[in-house]
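Colleague: I am new to this one. Please show me how to read its features, one at a time.

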Amino acid sequence: MLPDTFPWWGLLATAAFTDVVTDLLPAGLLPQMSTDLHVPEARVGLLVSAFAIASALAAIPVTAVLRGLPRRPVLIWVLAGFALLNAVTAVSGWYPLTFAARLLAGVMGGTLWSMLAGYAARMVPARQRGRAIAVVLAGITVALSAGIPAGTALAGAFGWRACFGLLAGLALLLTAWIRWQVPAFAGEPADRRAPLRRVARQPGIRAVLAVTVLLLTGHQAMYTYVAPFAPGRTSAVLLVFGGATVAGIWITGVVADRYLRPVLLAALGLIAVAMLVLGLAARAPAALLAAAALWGAAFGGAPTLLQTALVDASGPASADVATALQTTVYNVGIAAGSLAGGLVLGGTGAAALPWVTLVFTVAALGTVGAARRTAFPPERREERGIPGRVALLPRA
């Protein structure tokens, strides 16, 4: 059973929700923001790119600078930064100011993502780590399946500035709530602080990062271009996919702590099957929607499984640095997948996209299979005398 005093789960999940909605919301508000800021829609789209690029570039160096500071004040100041920068976005009528606010918000986002999984991991025993991370990362799923559509609808009724004003208020509320409810943790003492290169060289870290970039590259190549792949059915595909991710993350939260390796292998295998169906039978509406559901359910739990494996490999003490590496790799995968999918779309056409994703997914599957002794061992157990720390079983 999990401890009763877990209000922080909802708080950290809400922090993840705030980050993702702040990141992606401009994509749903292109016409309104374009008119008010007096720029083409393509330049409004760059506001999303600016956030992602800043997040990727800032995650590692900012985390390295801040890792010695107490964790809760850092979390509070990051959320206060979100509140301020979303407020600036809400009132700005000048595109350069809005762009600068988005860049700084991206820095906050990279810092936040480097902290969330490590924070959750330090608050529970190792046997509950996967479930804790699943709940925190559920904020992503809620943001994608409900937050972005709700924000777009709110903008239609009250204007896009109201959306960013609401996000600013939510972030400000979170700062007070976290100060009241979330336990404090000390930063890493200087004499116990593992250098970044040493963390990156720990057994298993590189394998987890490799699977992350392969999975995200393949996924984004397909997901970014769903509209040209399924013209006329895009909304239905995205709705089914989004709903299935909710089921996927819920199932993962239940089973990740006991069956991380087999569940990850199964998830990657199901994504591969979904891509086969999309490649062979996407013209049939039933097959298209069934494949979207399978894809969404399998992909929904994958980030939780990968972050749990990463924290297992790094140990909770180095989780922030390891997660910073993964944040950068994650954003690289998103950018690479979007680029690869665009090249394929312009070359051989949308019908080839599932096969591109299949290749990357099979490569990820092979990496998990090969890394059974380090990153993805068959069993996980708690080290004696070190609560909350997982040790890999002896090598066969």
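Modeller: Start with a definition. Helices (H or I, at least four residues) and strands (E, at least two) are DSSP runs, numbered from the N terminus. This is a predicted model, where local features need pLDDT of at least 70, side-chain atom pairs count only at pLDDT 80 or more, and totals for chains, interfaces and linings use all residues. Residues are numbered from 1 along each chain as its sequence is written, and side-chain values use heavy atoms, with hydrogens and water left out.

Colleague: What follows α12?

Modeller: Gly-315 follows α12, and the phi of Gly-315 is positive, near 85°.

Colleague: How does the span of α12 fit its 30 residues?

Modeller: The expected span of a helix is 1.5 Å times one less than its number of residues. For α12 that gives 44 Å, and its end C-alpha atoms are 44 Å apart, which agrees.

Colleague: Where does α12 bend?

Modeller: A bend at a residue is the angle between axes fitted to the seven residues ending there and the seven starting there. In α12 the bend is about 30°, at Ala-302. A proline, Pro-303, follows within four residues.

Colleague: Is α12 largely enclosed or open?

Modeller: Buried means under 20% relative accessible area, exposed over 50%, and partly exposed in between (1.4 Å probe, protein chains only). In α12, 23 of the 30 residues are buried, so the helix is largely enclosed by the rest of the structure.

Colleague: Now the rings. How is a pair described?

Modeller: A pair of aromatic rings is described by the distance of the centres and the angle of the planes. Rings of Phe, Tyr and Trp (its six-membered ring) pair if their centres lie within 6.5 Å; planes under 30 degrees apart count as stacked, over 60 as edge-to-face and the rest as tilted. The structure holds five aromatic pairs. One of them, Tyr-95 with Phe-99, is tilted, at 6.0 Å centre to centre and 40° between the planes. Both residues lie in helix α5 (residues 95-122), four residues apart, about one turn of the helix. Tyr-95 is buried at 7% relative accessibility, whereas Phe-99 is partly exposed at 27%.

Colleague: Why is the pair of Phe-241 and Trp-295 edge-to-face?

Modeller: Their ring centres are 4.8 Å apart and their planes stand at 65°, so the pair counts as edge-to-face. Phe-241 lies in helix α11 (residues 234-281) and Trp-295 in helix α12 (residues 285-314), so the pair ties together parts that are 54 residues apart in sequence. Phe-241 is buried at 6%, and Trp-295 is buried at 2%. With Tyr-223, these two form one aromatic cluster.

Colleague: Which residues touch the most other members of the largest nonpolar core?

Modeller: A nonpolar core is a set of buried Ala, Val, Leu, Ile, Met, Phe, Trp, Tyr and Cys residues joined through side-chain atoms within 4.5 Å. The largest has 55 residues, and those touching the most other members include Leu-215 and Trp-295. Helix α11 gives the most to this core, with 13 residues.

Colleague: And how many salt bridges are there?

Modeller: Side chains of opposite charge can pair when their charged atoms come close. A salt bridge is a side-chain nitrogen of Lys or Arg within 4 Å of a carboxyl oxygen of Asp or Glu. A search of the whole structure finds one. Asp-36 pairs with Arg-161, the closest N and O atoms being 3.9 Å apart. Asp-36 lies in helix α2 (residues 30-37) and Arg-161 in helix α7 (residues 160-181), so the bridge ties together parts that are 125 residues apart in sequence.
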